[in-house]
Each structure stands twice: as C-alpha cells, then as structure tokens.
Amino acid sequence: MRAACRAVRLGQGRLGFVPTMGALHEGHLSLVRSAKTSCDVVTASIFVNPTQFGPNEDLAKYPRTFERDRELLEREGVDLLFAPAVEEMYPAGAITWVTVEGLSDKLDGLSRPGHFRGVTTIVAKLFNIVEPDAAFFGQKDAAQVAIIRRMVRDLNLPVEIVACPIVREADGLALSSRNIYLDEQQRKQALVLHRSLQRAKDMAGAGERNAARLEAVGRAEIADEPCVRLDYFAIVDPCTLDQVEEASEGTLIAVAAYVGNTRLIDNILI
C-alpha cells in the first residue's frame, strides 16, 4: 500500500482517501464520488477497528461483507483498496495511542469511553501508511470529524479533511451500517431521531436561539417514541463540541439513541 501510494505521489497526482469499516452503503459511496471529483487517484480502506469498540459493543457481530464491498468500490472506480489484518495494524505488544484530549470525551466519547482514542489511533496509522492529500468522512459522524480535524491540526499532518453531507433514505433516516440490525417496527421508530433534529432546527429557524429550549423540544420528540431510549440530545459548537447557550448559524444539533439494542446517531446543522 505504501509503495502504491508513493507511486501516485511521484506522478504528482492528488491522492484521495476514504477510510471505512466495510458494510458499505450509499453514504460511503457518496464519499468515494466526492473524492473522485477532486482527486486524480482514489484509495479506500476496509478495516473493522477493534480498538474503537467497547467491551459490551457489537465488534463480534459487526457486519463484514468484504467481497460485496470490494465489488461496490471497484464499480465506483476506486483505484486502490487497503484491507489489512488486525495483526498488521496492531503489532503484538503495541502500547502507543493517539488521543485528542478534551474532545474525545464529549458526545459519543462520553457514552463510549475509549471509542475516539481507538478512532484517532487507527486514522493516524492509516494516514501514515497512505499519506493522502485529502481524506473524506461523513458528516453523520460529526464528533469524529471534529476530533480528526483537531488531530490533523495538532500533529501537523499534511492532509485536508473533507466532510461530506449525510445521505438519508427518502423518509429521513440517516444511512448507517447498523440499520441492518433494525426490524421493520424498529426501522419506523428510528425515524424519531431525524424528526427530533428537524423540530429543533425549525424552531431555531423561527427565531428561537436559546439552546436549552431547543434541546427540550428535541428531547420531548424522542420521549414521544416509548421504544426509543435517548442517549444524548445536544446543541454544540461543531469544532469544539462544547455545549452552547445560544444557537447560531452553523451550530450543530446532535442526537444519539437506542432503538432496541441498536445505538444510532444523527445530526443537523443550523
């Protein structure tokens, strides 16, 4: 992978990178298409990263559909695919971590201790191997995007981080590899996440800027769906992930909730 990417850079081509955990859907493919519009060569990775899963999370059952994923990426015109083994990415006895202090314990990091440490460590490793000019991530993982941007800035990594819009089903459900865990009834219940965000955004658009009142509206919407358990509903600065008192243009509204046993996230920008 290093040799192939080095050859691209020697040819002075712009190298785009789309890191994934596989189980690809239209959201992932939209990242590839975005990369292809601005890069000469596009590479992707498939790696289910064990260090970003907690002890009681779904690492063992996380969907692994490598052949299907490979075919989808090939069809989209991805030039290089990197699919390393766990042993390759985490040599025996590895004790080095990359942690973005202060951001990694907010939003999903608060609910999933150690999650973002696993994310930033593997992304830093992938960046060191691929050395892309630009890397493409989905806005659905807004906290992840903010943390990776900060890591890149703080470590002087020469890569542009591009956040691409959330891709949704026609009814508003954000695409996620974990949606396959939902049965038909849960699939309908999961729509409350987007509804709660839209309610708060509409209220902000009508002139309400007090974050506490906007949060209350979103939380109430979730509470009306008794089979959905709220993890967080937060109105935050999209760069620092700090909660704000007054919402303004560009403020991030983020939600996480359990639908059955499946934890889903979504967000929207004012």
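Ala, Val, Leu, Ile, Met, Phe, Trp, Tyr, Cys and Pro count here as nonpolar, Asp, Glu, Lys and Arg as charged, and the others, Gly among them, as polar. By that division, the lining of the largest pocket has 22 nonpolar, 18 polar and nine charged residues. The model is predicted: local features need pLDDT of at least 70, side-chain atom pairs count only at pLDDT 80 or more, and totals for chains, interfaces and linings use all residues. Residues are numbered from 1 along each chain as its sequence is written, and side-chain values use heavy atoms, without hydrogens and water.

**Largest pocket**
- Its volume is about 1,000 Å³, taken as the space filled by probe spheres set on grid points joined across faces, edges and corners.
- Of its 49 lining residues, Met-21, Gln-52, Tyr-62, Asp-141 and Arg-178 are the closest to the centre.
- A pocket is an open set of points on a 1 Å grid over the protein atoms alone, where a 1.4 Å probe fits, with protein on both sides within 12 Å along at least five of seven lines; lining residues have an atom within 4 Å of a point.
- Helix α6 (115-130) is among the contributors and gives the most, six residues; helices (H or I, at least four residues) and strands (E, at least two) are DSSP runs numbered from the N terminus.

**Second largest pocket**
- This pocket holds about 190 Å³ and is lined by 16 residues, with Ile-46, Phe-47, Val-48, Arg-64 and Pro-84 nearest its centre.

**Thr-20**
- Thr-20 lies in strand β1 (residues 15-20).
- Thr-20 and Val-145 are 125 residues apart in sequence and 14 Å apart in space, C-alpha to C-alpha.
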